[in-house]
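This briefing is intended for reading alongside the sequence and the coordinates. The topics are taken up in turn after the display.

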Amino acid sequence: MILKLDAISKSYKDKEALRDFSATLKEGVYGLLGQNGAGKTTLINVITGILNPDEGKVFFNDVDVKKMGVDFVSKIGYLPQFPQFYKNFEALEFLRYICAIKDVPEKTGEKRIKELLEMVNLSDVADKKIGTFSGGMRQRLGIAQAMVNDPEILILDEPTAGLDPKERIRFRNLISKFSKDRIVLLATHIVSDVEYIANEVILLQKGILIKQDKPMSLIDEMRGKVWEVKVDTANNQEFLDKFSISNIVFNEGHYSIRVVSEQKPVEGASSISPNLEDVFLHYCETGDGK
Amino acid sequence: MKILIFEIRKNFLKRYLFVTLCLLTLINIFMIYDYYKENHVFSTEQTNRSEVFWNLYKGKFKGKITNEKINALMEIYTPLYQICAVERSYSMEYDPETYTGYTFGDYRMLDLGFVRPMEYSYMYRNHALEIADKAMENLEFFRSVDNNYQYRSNLKIASLFGDRQVTDFYHTEMYENLFRYDFSSFLILLMSILALVPVFVAEKETEMNLILSTSKKGGKETINAKILSSFLYVIIISAWFYIFDFLAFSYFYGLTGLNNQLYALKDFMLTPLNVRMWEFIILSAVVKIIGLMAVSSMILFLSSIFRRALLPYILSLATVFLLMLFNEFAKMKFINPIELIANRELFKNTGFIKILDFPVHKFIGVILSVIFLAGAFVLATKMTSKNNASLGRMKERK
């Protein structure tokens, strides 16, 4: 299966949310990385049909999705950002409702619900109201509802926002479990969400596709561009202003600063192994760097 | 069907709605009791006058009006009339030989409870025939001036009033007051606002609209289910309150004469309806429900255009009050749902509107206008909801 995004552009009043975005997605996990406001949610909304692009088209297996109509919609499983669901519904009841609106036949739906509740570890609370769920439980329910129609395309928008590390790891494992024979698009600004599970990373900055490649390839590109510098207390603000900083650690009276820079920043800086966060910082220029 | 059931479960099977319903039902019963306390002549209370009235009513005068009954009534009434109304020489002393204990009390009880209403019922046929005859007289004139509309109107009036008569005497106090009582309709409007505002808004507040828009049946089917379930809710709540009204009024005023003609009530002397009391109770409720559904369609529209619940709540309340205010202006009544909700004025007098030279009963015109208004709001709601879910220009494959 192939999902092709062809020259997608979308603007809101004066702001260009997406500009000439093109990408081809096959089975596997794609991490859609970008800062807040980079255009991730807009891109997702265009793919799911919630928004119409100003220009460009979306193709699924070489067919324009607009011509496919509800056939395309039925291939999508979507978990939006910060879902609240219905607080007075029980989890099981809610998934049955999702089966109804996704037109999943009753017998198939019941079997699928049972399997999914076990996979997301919510079987014990299936008869509890969603209003009593923690954030992590709600997100797991969210991925279960997104999977109920066995979608070919699974889209998750910031699924780990607000989760503690343990829940985040659990969620990553679930995504990996569900990624077989499916296109999974995981939109996030948390690099660690995609670092370990994404087959490819799509970097988005101000609506433009910066990079699309395997995580290891992106990291390899950063070799020789990530440095460690030790500075004393008095000088660290100089570095914060001048360079892209990916990490600062205070240790034994001085600061170890991790700098992303094409050139060696200062004498005494030592080259270190890059990671995906460095890639993100380099291309997306988070707040403290240039 | 499944989606409809889920929409009912989602929007209307909520504890706070049940609690509010119980509370408002109690308030309604209390208001009916309070209304009854201010507005009753004879009731089911254990007072001397009421007891005597009901004994006489059930024992002697209820049912078919016969000469024997009239004579029996006049035999008791005439001397009292002479003493109390003509000579004004009645005693104020307690008299155990009288029905109520007092001469004037007897006179008033007989006058209000029997003589006047029985006279109205007995004389109604003459009154109706007068109207029919006048209408027939007008036919020749309107035919001569080629005024088809007036000709047809007068023909209709002649036909409506020509065969009317009230052959039976029944105590009508319960119906007079039941048909004047509007407070329960106001409570239904409050319950409607409370339940219907979240119907569309809640999907946006919970971000479920995004999941709905990416679901095969999250578009048209869900929107239709929301509208249908909302109307079902209004119908059920209305039936609940109107049945309670009927039971409460029957309890306080006494239930009698369900099969009597509607025009046996003086207020409805000129009604265009040749129906019985029980038929009018049902018809009036149905017409009220149509009006309530029209207001509900406006509430649903407000729900569909906002993302948060506060504004739709405020605007819905404002809409209801504005509709009540506009109903005071004659020109606004024609398309105002409140005219159907407080519908006794609509059915009191026979009036027509002209449609292609044919006279159509005014109440039919108002009902159709309000249905059209409701339809317009339903359509607007569907369009707004569809845009909000925004499947873009995706067409449904057949």
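Which residues of helix 2 of chain B are buried? They are Leu17(B), Thr20(B), Leu21(B), Leu24(B), Thr25(B), Asn28(B), Ile32(B), Tyr35(B) and Tyr36(B), where buried means under 20% relative accessible area, exposed over 50% and partly exposed in between (1.4 Å probe, protein chains only). This is a predicted model, in which local features need pLDDT of at least 70, side-chain atom pairs count only at pLDDT 80 or more, and totals for chains, interfaces and linings use all residues. Residues are numbered from 1 along each chain as its sequence is written, chains are lettered from A and ligands numbered from 1 in the order in which they are written, and side-chain values use heavy atoms, with hydrogens and water left out.

**Helix 2 of chain B**
- This helix covers residues 15-38 and spans 35 Å from first to last C-alpha, close to the 34 Å expected at 1.5 Å a residue (1.5 Å times one less than the number of residues).
- Helices are DSSP runs of H or I with at least four residues, strands are E runs of at least two, and both are numbered from the N terminus.
- Its buried residues pack against helices 1, 7, 8 and 11 of chain B.

**Lys10(A)**
- Lys10(A) lies in strand 1 (residues 3-12) of chain A and is buried, at 12% relative accessible area.
- Among the residues that Lys10(A) touches are Glu16(A), Thr42(A) and Asp54(A), contact meaning heavy atoms within 4.5 Å.

**Cysteines**
- The structure holds zero disulfides over all chains, a disulfide being a pair of cysteine sulfur atoms within 2.5 Å.
- Cys99(A) is buried at 5% relative accessibility, whereas Cys22(B) is partly exposed at 47%.

Technical notes
Lists of a residue's contacts leave out its neighbours within four places in sequence.
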